[in-house]
Amino acid sequence: MRAATRAKARSSMAVHGIFPLGDDYEVIPAFYIHREPRGSQEKRAHFTLLFSHGNAEDLGYIIRYFKDLSSILNVNVFSYEYTGYGMSTGSPTELAVYSDVEAAFKYIRDELRTPWQQIVPYGRSLGTAPSVHLAKLTAVRGVVLQSPMVSIYRIPFQLRFTLPGDVFSNIDKIGKVCCPTFVIHGTRDEIVPVWHGQALYEVCKKKGTAYDAFMRVGGDHNSLEQQAGDAFYDRLGRFLAHLEQNEPSDKLLQQAAESPQL
């Protein structure tokens with residue numbers, strides 16, 4: 001079980017279970033952790049992390065960790081299930097995953113009344129694909145990619161091109177992402193080798209969207225947070241502070257003006 005290593009801050013939060021509808025009217029379980037200031041001296045959470053989980057995770061597995069993370073970083077957290085996973089209805093497909101993250105984004109924007117400037121998609125492993133998809137499709141303030149893959153076929157094979165039938169091809173979309181992108185990866189990742197994160201970071205660097213990557217020496221795939229310890233939360237917190245303290249780029253504002261209404 002993933003666990004936050006830093007001592008929890010005293011805080012108040014409300015956890016809500018909700019069920020937004022996807023484009024095909026499949027039921028998508030989700031939870032929303034809303035940080036509530038305990039008094040006038042405590043700062044209200046500025047950002048909402050839209051978390052997309054990995055293949056071997058589900059909402060029940062991750063909710064305790066994100067309660068801790070919400071407190072440590074003073075953020076709201078919204079996470080959802082994929083179609084065909086856990087308690088969700090329907091069948092799991094790549095297109096369904098993309099529809100799911102779009103439905104989650106629309107719920108945060110329209111029902112929770114959170115502007116795009118305060119929404120930060122955060123994907124882990126498989127979840128980096130819907131996060132990249134969303135950031136390419138519409139304006140968000142930033143994106144966090146933890147242990148990302150270049151594409152599924154490239155996990156076992158270090159190919160220089162996308163084969164027919166390949167899925168979740170982040171490398172073909174990341175160059176069209178306009179927001180600051182923070183890549184986190186372990187150098188000893190035994191499932192998605194670190195060169196995947198490095199390749200995506202290099203594309204972002206050329207496009208001017210890269211935030212300094214965190215390549216944890218000795219970190220693996222499933223225990224990266226524990227192995228990195230406080231440094232993990234410090235780096236993630238610094239990224240969020242960077243987003244809050246700096247204005248969106250002209251390129252990101254242009255994407256916001258031109259993005260199709262989801």
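Predicted model: local features only at pLDDT ≥ 70, side-chain atom pairs only at ≥ 80, totals over all residues.
Two rings of Phe, Tyr or Trp count as a pair if their centres lie within 6.5 Å. With that in mind, look at Phe51, Tyr65, Phe66 and Tyr122: ring pairs link these residues into a cluster.

**The chain as a whole**

Of its 262 residues, 52% are buried. Among contacts between residues at least 6 apart in sequence, 70% join residues at least 24 apart.

**Aromatic pairs**

How many aromatic pairs does a search of the whole structure find? There are twelve. A pair of aromatic rings is described by the distance of the centres and the angle of the planes. Here are two of the pairs with those values.

| Ring pair | Distance of centres | Angle of planes | Kind |
|---|---|---|---|
| Tyr65 and Phe66 | 4.9 Å | 80° | edge-to-face |
| Phe232 and Tyr233 | 5.2 Å | 75° | edge-to-face |

Planes over 60 degrees apart count as edge-to-face, which is why the table uses that word. Tyr65 and Phe66 are both buried, and Phe232 and Tyr233 are buried too.

**Where helix 1 meets helix 6**

Helix 1 covers residues 59-73 and helix 6 covers residues 230-245; their axes come within 11 Å and cross at roughly 60°. That angle makes helix 1 oblique to helix 6. The crossing of the two helices is right-handed. On the helix 1 side, Tyr65, Leu69, Ile72 and Leu73 take part, and they meet Phe232, Tyr233, Leu236, Gly237 and Leu240 of helix 6.

**Two nonpolar cores**

The largest nonpolar core has 37 residues, and Leu50, Phe78, Tyr80, Phe168, Ile174 and Cys179 have the most contacts inside it. Elements giving two or more residues to this core are strand 2 (30-36), strand 4 (76-80), helix 2 (94-111), helix 3 (128-137), strand 6 (143-146) and helix 4 (194-207). Which element gives the most to this core? Helix 2 does, with seven residues. Apart from this core lies another, of 29 residues, and Phe51, Leu73, Val144 and Phe182 are among them.

**An enclosed helix**

Helix 3 is largely enclosed by the rest of the structure, because eight of its ten residues are buried. These are Thr128, Ala129, Pro130, Ser131, Val132, His133, Leu134 and Ala135. What covers them includes strand 3 (48-52), strand 4, helix 2, strand 5 (119-124), strand 6 and helix 7 (250-258).

**Two residues up close**

Is His53 buried or exposed? His53 is buried, with a relative accessible area of 0%. This residue is found in the loop between strand 3 and helix 1. Not counting residues up to four places away in sequence, His53 touches Asp58, Leu59, Ile62, Tyr80, Glu81, Tyr82, Tyr85, Arg124, Leu126 and Gly127.

Ala210, in strand 8 (residues 210-216), is partly exposed, with a relative accessible area of 29%. Leaving aside neighbours within four places in sequence, Ala210 is in contact with Thr181, Tyr201, Cys204 and Lys205. The C-alpha atoms of Ala210 and Cys179 are separated by 8.6 Å, and these two residues are 31 residues apart along the chain.

Conventions:
Residues numbered from 1 in each chain as written. Heavy atoms only, no water. Core = buried A, V, L, I, M, F, W, Y, C linked by side-chain atoms within 4.5 Å. Buried < 20%, exposed > 50% of the residue type's maximum accessible area, 1.4 Å probe, protein only. Helix = DSSP H or I, 4+ residues; strand = E, 2+ residues; numbered from the N terminus. Phe/Tyr/Trp six-rings, centres within 6.5 Å; stacked < 30°, edge-to-face > 60°. Axes fitted to C-alpha atoms, helices over the stretch in contact; angles between N-to-C directions. Parallel < 35°, antiparallel > 145°, perpendicular 65-115°, else oblique. Left-handed = near helix turned anticlockwise from the far one by under 90°. Contact = heavy atoms within 4.5 Å.
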